[in-house]
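The sequence and the model are shown first.

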Amino acid sequence: MRQFELESVEKVDQAVASQRDQRRDAFVAGGTTLLDLVKLDVMTPERMVDVTHLPLKRIEKLDDGRLKVGALVTNNELAHHELVKRDYAVLSEALLAGASTGLRNLATTAGNVMQRTRCPYYRDPAMPCNRREPGSGCAALDGINRNHAVLGTSNRCIATHPSDMCVGMVAVGATIVVEGPQGSREIPFEDYHLLPGDTPEKEHDLKDGELITHVILDAPRAGGQHYLKLRDRASYEFALASCAAIVELDGDSVASARLALGGVATKPWRAEAAEKALIGQPATRENFERAAEVALADAVAYSHNGYKITLGKQAIVRALRDATARTTATAA
Ligand code: SF4
């Protein structure tokens, strides 16, 4: 591990002023991803700015019905907050499906948004990786790619986005608020993470000096909610395929639906075409299977991950079934 400077700040404007260049400076809070990567020599910041003392630890209901979540709210605090459990059950379930209790007590909302891929080649500086070292190649394309993505890939990178929380946030709808040298701005959650394309090293829409201060969740959506995560073991493991589903019924038919996928894509993945395919249709297994086909229609399999296309579809059908069951239970 290389040496770095460590600075602590108390105010947001101090934090913003302290950052000069994302390639050399880094904000650190829980450190549950960043410090691992620094120890592995994958991330090599020259300066880290400790933001744990910033006043960004509140969860507050806004007048327009949305929920404003401070960047430093921990994953466990968010998952167990009474309004999140009541109005955003799919997000609470997604958070609790991630990592371990100990890690969730440290990991923050903004840190989870900034989480890096678990691609083993990314985490090994001896291997070629376009995301870590642009232009060096992608060891996963012809390597062991069982855990890699089938949606949103490019011939430069096929790494899976690892977050459960972000999948839940795509389903409920959210906005990221950042503070930077030019003031504050808002970014729709779905636009924040970038597809790898030709520049996999550029993972998000954050400019030099910008700090995530809040995530604002949309006003609660009607309907039943469920997050299903399929993985190699029952806890402390990343998703092979996951699905966050919100289903609202009008009689026996789907009035509205939100579907987001994890474990199968290079970013938290909104399955919008599948949502549209459900609207107005009876909430039957046959129609859920049809929507799952639509959601994975553009999937591309590599040598070891073809099973994810089937698994992703199964995750969607089961999540829709269970979200629908909760709708019925709520209505009754
Ligand atoms: Fe790197 Fe992406 Fe290839 Fe993994 S899949 S080795 S992160 S370029």
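A cavity is here a set of points, on a 1 Å grid over the protein atoms alone, where a 1.4 Å probe fits but cannot get out, and lining residues have an atom within 4 Å of a point. Grid points are joined across faces, edges and corners, and a volume is the space filled by probe spheres set on the points.

The model is predicted, with local features needing pLDDT of at least 70 and side-chain atom pairs counting only at pLDDT 80 or more, while totals for chains, interfaces and linings use all residues. Residues are numbered from 1 along each chain as its sequence is written, and side-chain values use heavy atoms, without hydrogens and water.

The structure contains 3 cavities of 30 Å³ or more, and the largest cavity has a volume of about 140 Å³. Its lining comprises 19 residues, of which Arg 131, His 161, His 193, Glu 203 and Thr 266 are the closest to its centre.

The second largest cavity is lined by 16 residues, with Cys 119, Cys 129, Cys 138, Cys 157 and Ala 159 nearest its centre. The ligand takes up this second largest cavity (more than half of its atoms lie within 2 Å of the grid points). Around the ligand are 15 residues (a heavy atom within 4 Å), and Cys 119, Cys 129, Cys 138, Arg 156 and Cys 157 come nearest.

In the table, Ala, Val, Leu, Ile, Met, Phe, Trp, Tyr, Cys and Pro count as nonpolar, Asp, Glu, Lys and Arg as charged, and the others, Gly among them, as polar.

| Residue set | Classes |
|---|---|
| Lining of the largest cavity | 7 nonpolar, 7 polar, 5 charged residues |
| Lining of the second largest cavity | 11 nonpolar, 3 polar, 2 charged residues |
| Shell around the ligand | 11 nonpolar, 2 polar, 2 charged residues |

Terms used. 1 Å grid on protein atoms, 1.4 Å probe; cavity = no way out; pocket = protein on both sides within 12 Å on 5 of 7 lines; lining within 4 Å.
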